Amino acid sequence: MSASPYLAPGFYDRALADGRHRDIVGGRWSETAAAQMALLLDEGLRPEDRLLDIGCGCLRLGHRAAAYLAPGHYWGTDASLALMRRGHEAELSDETRARLPPGNLVEDADFGFPGLPDSIDIALAFAVFTHLPPDALPRALAQVRARFPRLRRMLLTVFLAPQGHAGPHRQPDGVVTHPDRPPWHRPAAQVEAEARAAGFTPDWRPRRLPRSQRLLALTPV
Ligand SMILES: C[S@@+](CC[C@H](N)C(=O)[O-])C[C@H]1O[C@@H](n2cnc3c(N)ncnc32)[C@H](O)[C@@H]1O
């Protein structure tokens, strides 16, 4: 199996051709969008903030966040531009679409954030590192830290497994995660160490999230 389901050849093309863009991001559309909005509001998101949604997919959060934020203040990146564009066409009301310029959706599979403004206040990567091999996280965090000097908070989700746990791990809601293939799990201490090395103070939030993902809040040091 590949290191990420998203790297399988033809994965996006096939699913988009079949009209399955919501499935690409895991379905549970309204529930997951609501969970993401609620956590962002609890973390202090305000309408005037500039939000970066890393691995934003077809705008499961974006359809809610772009309606809440000032026009032009929602930014999204994803490995697939076609997926983001499908969300822009199919998942936004006319009013919300007018608040989200297509140029705010930027194809980026390497966390380089090309063309994004420096003035991002809050960044979120929801259900992204759960699907990527462990080396993606330290690379992404270092780039977020260097690129966005005004950042107040970075939020991300991962699956956790106990330190030293060798094989598959059953999460509280039944999802089985793995140390060596997707969905990936990590020991908490390792994730914390990577966050500190990138220049953040990590803090696990006790929040319940879909599929028993754990939420980590990072504050720039
Ligand atoms: C499970 S979906 C979550 C999407 C979105 N965050 C949400 O919660 O609706 C994972 C997303 O990560 C994107 N992705 C996968 N690999 C990526 C990479 N290397 N860089 C950026 N995005 C990536 C996928 O295209 C997909 O949209």
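Where does Leu59 lie? Leu59 is in the loop between strand S1 (51–54) and helix H4 (62–68). Helices and strands here are DSSP runs numbered from the N terminus, helices being H or I with at least four residues and strands being E with at least two.

Before going on, the ground rules. This is a predicted model, where local features need pLDDT of at least 70, side-chain atom pairs count only at pLDDT 80 or more, and totals for chains, interfaces and linings use all residues. Residues are numbered from 1 along each chain as its sequence is written, and side-chain values use heavy atoms, with hydrogens and water left out.

Back to Leu59. Its phi is near 75°, a positive value in a residue other than glycine. Is Leu59 buried or exposed? Leu59 counts as buried because its relative accessibility is 0%. The classes are: buried under 20% relative accessible area, exposed over 50%, and partly exposed in between, with a 1.4 Å probe and protein chains only.

Arg211 also has a positive phi, about 65°, although it is not a glycine. Arg211 is in the loop between strand S9 (200–205) and strand S10 (214–220). Arg211 is classed as partly exposed because its relative accessible area is 32%.

One more backbone item. The peptide bond from Pro182 to Pro183 is cis, with omega near -15°. Pro183 is in the loop between strand S7 (176–177) and strand S8 (185–186).

Now the ligand. How many residues surround the ligand? There are 18, and the closest are Tyr12, Gly55, Arg60, Asp78 and Phe126. A residue is near a molecule if one of its heavy atoms lies within 4 Å of it. By class, this shell holds eleven nonpolar, four polar and three charged residues. For that count, Ala, Val, Leu, Ile, Met, Phe, Trp, Tyr, Cys and Pro are nonpolar, Asp, Glu, Lys and Arg are charged, and the others, Gly among them, are polar.

Next, polar contacts, meaning pairs of N or O atoms within 3.5 Å; within protein, one must be able to donate a hydrogen and the other to accept it, and residues adjacent in sequence count only if both atoms are side-chain atoms. A backbone N or O atom of Ala109 is 3.0 Å from a nitrogen atom of the ligand. For Ala79, a backbone N or O atom lies 3.3 Å from a ligand nitrogen atom. A polar backbone atom of Asp108 is 3.5 Å from a nitrogen atom of the ligand. Taken alone the ligand exposes 600 Å², and the protein buries 96% of that. These areas come from the Shrake-Rupley method with a 1.4 Å probe; for residues, only the protein chains shown count as cover.

Last, a few single positions. Ser4 is in the segment before H1, and Ser4 counts as buried because its relative accessibility is 1%. Pro5 is in the segment before helix H1 (11–17). Pro5 is partly exposed because its relative accessible area is 30%. From Pro5 to Leu156 the C-alpha distance is 19 Å, at 151 residues apart in sequence.

Phe148 is in the loop between helix H7 (136–147) and S5. Phe148 is buried, with a relative accessible area of 1%. Phe148 and Ala123 are 25 residues apart in sequence and 9.4 Å apart in space, C-alpha to C-alpha.

Ala166 is in the loop between strand S5 (153–160) and strand S6 (169–170). Why does Ala166 count as exposed? Because its relative accessible area is 66%. Ala166 and Ser80 are 86 residues apart along the chain, and their C-alpha atoms are separated by 33 Å.
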